[in-house]
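Open the structure in your viewer and keep the selection tool at hand. The tour below goes stop by stop, saying what to select and what is there.

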Amino acid sequence: MGETMIAPPLPEEQPAKSFLSRLIGVFVSPAETFDDIARWPSFLAPMVTILLASCVLFDTMYWKVGMETMTRLQLERSPFAAKMPPEQMEKAISDSAGHLLRTFIITDVFIVVVTIIVFLILAGLGMMIVNAILGGQVKFKTLFSVVSFAELPGLLGVILGLAIILFGGIENLDPQNPMPVNLAFFLNYKEVPKPLFALAGSVDIVVVWVVILLGLGMSRATGGKVKALPITLCFVGAWALWIIGKVGLSAIF
């Protein structure tokens with residue numbers, strides 16, 4: 001009698017990692033983490049975490065610095081405020097003092113809307129790069145999940161920004177750039193030409209980190225069929241175009 005062949009048991013599919021495991025993994029083992037994200041796409045937890053952290057940063061800045069000071073700093077940065085009569089500018093500053101709660105709400109809504117739009121644009125750009133240009137086959141939800149987790153290094157910038165706002169000096173605080181993650185943070189925007197300041201603000205360590213994670217994460221989402229380097233280079237090209245446009249607009253206005 002022939003021996004009965006027993007097929008080996010199929011390996012059990014690993015369950016999805018928890019959000020905390022993925023959060024840590026993005027920093028310490030990104031390739032393995034993005035493999036898990038590719039198998040089990042999810043974006044709500046990282047996106048909500050980033051939104052909450054961003055709102056806390058700017059709400060804390062408004063609370064610590066004060067509405068009058070924040071309004072003055074923002075008007076000083078505005079190219080249109082320079083055309084305002086001094087009386088009108090002072091009135092706008094004084095009127096802002098009693099509207100802290102309204103400013104919190106408007107700022108938080110703005111942060112939520114803009115962040116979601118940015119995530120959608122990055123995921124759409126990734127879909128064009130990975131699927132249309134490089135021949136991959138990845139669903140939008142997976143790429144959106146990759147984007148949401150790839151943006152998590154921004155939390156480090158938020159932590160540093162909060163430390164400076166709460167414990168550092170606020171005399172030269174730039175309300176549009178409160179995190180010490182780019183060269184512009186260490187420059188005085190009143191003393192530097194606008195195009196140079198815009199360029200310095202684009203040399204951002206968090207953005208570099210995110211672009212690298214986007215390339216790696218989207219590559220892992222294809223199962224390695226599309227390499228990380230060409231994806232990363234495509235995002236670098238898009239980033240370079242953004243910088244050129246930003247510097248050009250700063251020179252005009």
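**Whole chain**

Keep in mind that this is a predicted model. Show the protein chain as a cartoon and colour it by secondary structure. There are 11 helices and zero strands. Along the sequence the pattern reads α-α-α-α-α-α-α-α-α-α-α. Now colour by burial: of the 253 residues, 38% are buried. Switch to a surface. The chain exposes about 14,600 Å², and carbon and sulfur atoms supply 71% of that area. Among contacts with a separation of 6 or more, 69% join residues 24 or more positions apart.

**Helix H10**

Select residues 205-221, which make up H10. The helix has 17 residues. From first C-alpha to last it reaches 24 Å, close to the 24 Å expected at 1.5 Å a residue. Which residues of H10 are buried? Val206, Val210, Val211, Leu213, Leu214, Gly215, Gly217, Met218, Ser219 and Ala221 are.

Go to the N-terminal end of H10 and show aspartate 204, which caps it. One of its side-chain oxygens lies 2.8 Å from the backbone nitrogen of valine 206.

**Out of H10**

Move to the other end. Select threonine 222, in the loop between H10 and helix H11 (228-252). Is threonine 222 buried or exposed? Its relative accessibility is 9%, so threonine 222 counts as buried; the cut-off for buried is under 20%. Draw a distance from its side chain to the backbone nitrogen of glycine 224: 3.4 Å. Then show Val130 and Val138, which threonine 222 touches when residues up to four places away in sequence are not counted.

**Tryptophan 239**

Next, select tryptophan 239, in helix H11. Which residues does tryptophan 239 contact, leaving aside neighbours within four places in sequence? Ser202, Asp204, Val207 and Val208. Draw a C-alpha to C-alpha line from tryptophan 239 to valine 207. The two are 9.1 Å apart in space and 32 residues apart in sequence.

**Aromatic rings**

Show the aromatic side chains. The whole structure has six aromatic pairs. Start with phenylalanine 19 and phenylalanine 149, a tilted pair with centres 6.1 Å apart and 50° between the planes. Phenylalanine 19 lies in helix H1 (residues 19-28) and phenylalanine 149 in helix H7 (residues 140-150), so the pair ties together parts 130 residues apart in sequence. Phenylalanine 19 is partly exposed, with a relative accessible area of 26%, whereas phenylalanine 149 is buried, at 1%.

Jump to phenylalanine 185 and phenylalanine 186. Their ring centres are 5.2 Å apart and their planes stand at 80°, so this pair is edge-to-face; the cut-off is over 60 degrees. Phenylalanine 185 is partly exposed, with a relative accessible area of 23%. Phenylalanine 186 is exposed, at 58%.

For the last stop, select Phe43, Phe119, Phe140 and Phe144. Ring pairs link these four into a cluster.

How values were computed: Residues are numbered from 1 along each chain as its sequence is written. This is a predicted model: local features need pLDDT of at least 70, side-chain atom pairs count only at pLDDT 80 or more; totals for chains, interfaces and linings use all residues. Side-chain values use heavy atoms; hydrogens and water are left out. Helices (H or I, at least four residues) and strands (E, at least two) are DSSP runs, numbered from the N terminus. The expected span of a helix is 1.5 Å times one less than its number of residues. Buried means under 20% relative accessible area, exposed over 50%, partly exposed in between (1.4 Å probe, protein chains only). A polar contact is a pair of N or O atoms within 3.5 Å; within protein, one must be able to donate a hydrogen and the other to accept it, and residues adjacent in sequence count only if both atoms are side-chain atoms. Contact means heavy atoms within 4.5 Å. Accessible areas come from the Shrake-Rupley method with a 1.4 Å probe; for residues, only the protein chains shown count as cover. Rings of Phe, Tyr and Trp (its six-membered ring) pair if their centres lie within 6.5 Å; planes under 30 degrees apart count as stacked, over 60 as edge-to-face and the rest as tilted.
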